[in-house]
Amino acid sequence: MTKPARSHLSGQALSVYDRMLKRVQSGLSDAEEITLDGLNEEIGKAVEVEYALEEMTREEVDLLSAYLKRDLQHLMHFVDETGEGLAEWLQLDISLIEHQLADMLFSVADKTRLDTLELNQKLANDDLSHYISGEVATAGMFKCLNCGHMKCLTATSHIEPCEACGSHYYERVTSRWPKED
């Protein structure tokens with residue numbers, strides 16, 4: 001299995017993801033009922049604002065939009081199935097929250113070309129149920145699909161390779177919500 005390249009999305013992507021999330025949250029704050037259609041509509045509005053700002057390419061904004069949609073749909077499904085709230089979905093223990101170490105240094109001979117290929121591959125991938133190192137995700141607990149090691153993201157972050165085995169593939173872990181196969 002080949003190692004996926006680290007996402008070319010910079011630290012700016014994290015702030016853009018959070019900005020899009022805040023726009024969605026603000027747009028849904030007055031809604032009587034939050035539906036999947038309403039969620040998708042608000043994400044679409046947030047995407048249009050980011051397109052207009054032109055801080056990132058359209059493809060980068062589309063990729064962040066897919067990450068945001070995945071996280072929020074996962075949360076909605078969890079709340080619908082369990083009746084639990086955000087704290088249970090995140091599975092964060094306040095005592096465990098600490099800042100992540102600086103990103104690992106990454107060097108590739110032709111980084112620009114690899115980044116472009118990776119971005120195109122991620123945009124073409126319809127299966128967003130798993131997380132791959134280098135992708136952007138919001139806070140929560142993630143389990144390595146190779147060794148089961150748990151990773152805690154305390155804020156919107158790039159997902160790093162597994163510290164235990166070096167794998168690049170994760171799934172989000174939520175309490176009392178079995179994964180559907």
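# Exercises on a helix-then-strand protein

Read along the sequence, the protein runs α-α-α-α-α-β-β-β-β-β-β. The model is predicted: local features need pLDDT of at least 70, side-chain atom pairs count only at pLDDT 80 or more, and totals for chains, interfaces and linings use all residues. Residues are numbered from 1 along each chain as its sequence is written, and side-chain values use heavy atoms, with hydrogens and water left out.

## Exercise 1: Overall make-up

Count the helices and strands, then state the buried share of the protein.

**Solution.** Step 1: there are five helices and six strands. These are DSSP runs numbered from the N terminus (helices: H or I, at least four residues; strands: E, at least two). Step 2: of the 181 residues, 38% are buried. Buried means under 20% relative accessible area, exposed over 50%, partly exposed in between (1.4 Å probe, protein chains only).

## Exercise 2: Arginine 70

Is arginine 70 buried or exposed, and what does its side chain join?

**Solution.** Step 1: arginine 70 sits in helix H3. Step 2: its relative accessibility is 7%, so arginine 70 counts as buried. Step 3: its side chain joins that of glutamate 135 in a polar contact of 2.9 Å. Such a contact is a pair of N or O atoms within 3.5 Å; within protein, one must be able to donate a hydrogen and the other to accept it, and residues adjacent in sequence count only if both atoms are side-chain atoms.

## Exercise 3: Strand S6

Explain why strand S6 is largely enclosed, and name its bridge partners at tyrosine 170.

**Solution.** Step 1: S6 covers residues 169-173; four of these five residues are buried, so the rest of the structure largely encloses S6. Step 2: S6 pairs antiparallel with S1 (residues 131-132) over two bridges. Pairing requires that DSSP finds at least two bridges between two strands. Step 3: S6 also pairs antiparallel with S3 (residues 140-144), over four bridges. Step 4: tyrosine 170 is the bridge partner of tyrosine 131 and of cysteine 144.
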